[in-house]
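I opened the notebook to go through charged pairs and a helix packing.

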Amino acid sequence: MFVYVKSAWRGNYSQGALFWGGIMVPVLLAQGLGAVLVVFNLLQDPVLSTRLWLLSALFFICIYLPWAFVVSLRSIIVHIRALQEMTAGLILVVLWVLMLSYCGVQISRSLSVFQRMAVIALEQDRRKAEFHVVDQDLFVDGFVGYGDPRRLRQWLRDYPELNRVVFNVSGGHLYEIRQFARLIAKRKLNTHVDGDCLQNCLIAYAGGYLRTAGSQAHFNFEKQGGYTNGYRSSWIISREQEKDREFFLSRGVSLVYSFKLFYSNADGVPYEHPVKTLRAHNVINRDQA
């Protein structure tokens, strides 16, 4: 790599090789890769996938592109002087300026996206759930945030006698909520709500083996809650929603209601779910003792 950089700086490569192969192709590949990441989003953990994406973008924008543009311009100037190829050289200079302007515009347009992704990558959302144990119940209050699944695992290890998780939750990050649901289902823990279970909390609640609720429990579900946290395309969001709908089915929720959860409410508007209705469709599958 050092030999290549040194040779490029000396002008040992042609003008075209360093401009077309060193700038044009990598920029097009980078944009194509960005589109692929948005469409497929192979890593479902938004924190991990965003960290990898930002590290790649940081290297490409802050290290590779400056080097590529400087070396390409130097190569053009060296060849103009050595070979007196004014016409070809000036054409490449004009293309170089246009490409530099194009990259600058694209980067400036993406700054807001990078800022939003930095919030995810650095876990700048400091909201965390609060845990406490009473007898064999683990109470989860607040907002399920980054790192809370690790904390839940630790509480379950520290208190192996626990058999029920009691939610009073205003919502949470979708990936973390799903991990809650998987942990609860794997341990065959029961779930209960006396207060609030809002937005996507219902996914974690559905992981319970026996699911109960007090008469004053407040449930709603927002089909967009947390799905846009990251850089998912609408296609990915629809696929994730379908998987979550199938998760509700696997927990015994009626087919009709599984569709109602995701398709009966407008985007971004929580849909209220009375306790009586949830019990009729097996979301709540046990009367409170």
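What follows are my notes on salt bridges and on one helix pair in this predicted model.

**Entry 1: the count.** I started with a search of the whole structure, and it gave me six salt bridges. I then went through some of them by residue.

**Entry 2: strand to strand.** I looked up R164 and found its side chain in a salt bridge with that of D137, at 2.7 Å from N to O. Which elements does this pair tie together? R164 sits in strand β3 (residues 164–172) and D137 in strand β2 (residues 137–144), so the bridge links parts that are 27 residues apart in sequence. I checked accessibility too: R164 is partly exposed at 24% relative accessible area, while D137 comes out at 14%. With the cut-off for buried at under 20%, D137 counts as buried.

**Entry 3: inside α8.** Next I took E242, which forms a salt bridge with R245; their closest N and O atoms are 2.6 Å apart. Both residues belong to helix α8 (residues 234–250), and because they are three residues apart there, about one helical turn separates them.

**Entry 4: R279 and D287.** I found another salt bridge between the side chains of R279 and D287, 2.9 Å from N to O. R279 is partly exposed, its relative accessible area being 32%, and D287 counts as exposed at 52%.

**Entry 5: a network.** I also asked which residues are joined by salt bridges with shared partners. I got one network, made up of R178, E240 and D244.

**Entry 6: α8 against α9.** I noted the crossing of α8 and α9 as right-handed. Which residues make the contact? From α8 I listed Q241, E242, D244, R245, F248 and L249; from α9, L255, S258, F259, L261, F262 and Y263. By type, I sorted the contact residues into seven nonpolar, two polar and three charged.

**Entry 7: cross-check.** E242 and R245, the salt-bridge pair, both turn up on the α8 side of the contact with α9. D244 of the network with R178 and E240 is in that contact as well.

Technical notes:
Residues numbered from 1 in each chain as written. Predicted model: local features only at pLDDT ≥ 70, side-chain atom pairs only at ≥ 80, totals over all residues. Heavy atoms only, no water. Salt bridge = Lys/Arg side-chain N within 4 Å of Asp/Glu carboxyl O. Helix = DSSP H or I, 4+ residues; strand = E, 2+ residues; numbered from the N terminus. Buried < 20%, exposed > 50% of the residue type's maximum accessible area, 1.4 Å probe, protein only. Left-handed = near helix turned anticlockwise from the far one by under 90°. Contact = heavy atoms within 4.5 Å. Nonpolar A, V, L, I, M, F, W, Y, C, P; charged D, E, K, R; others polar.
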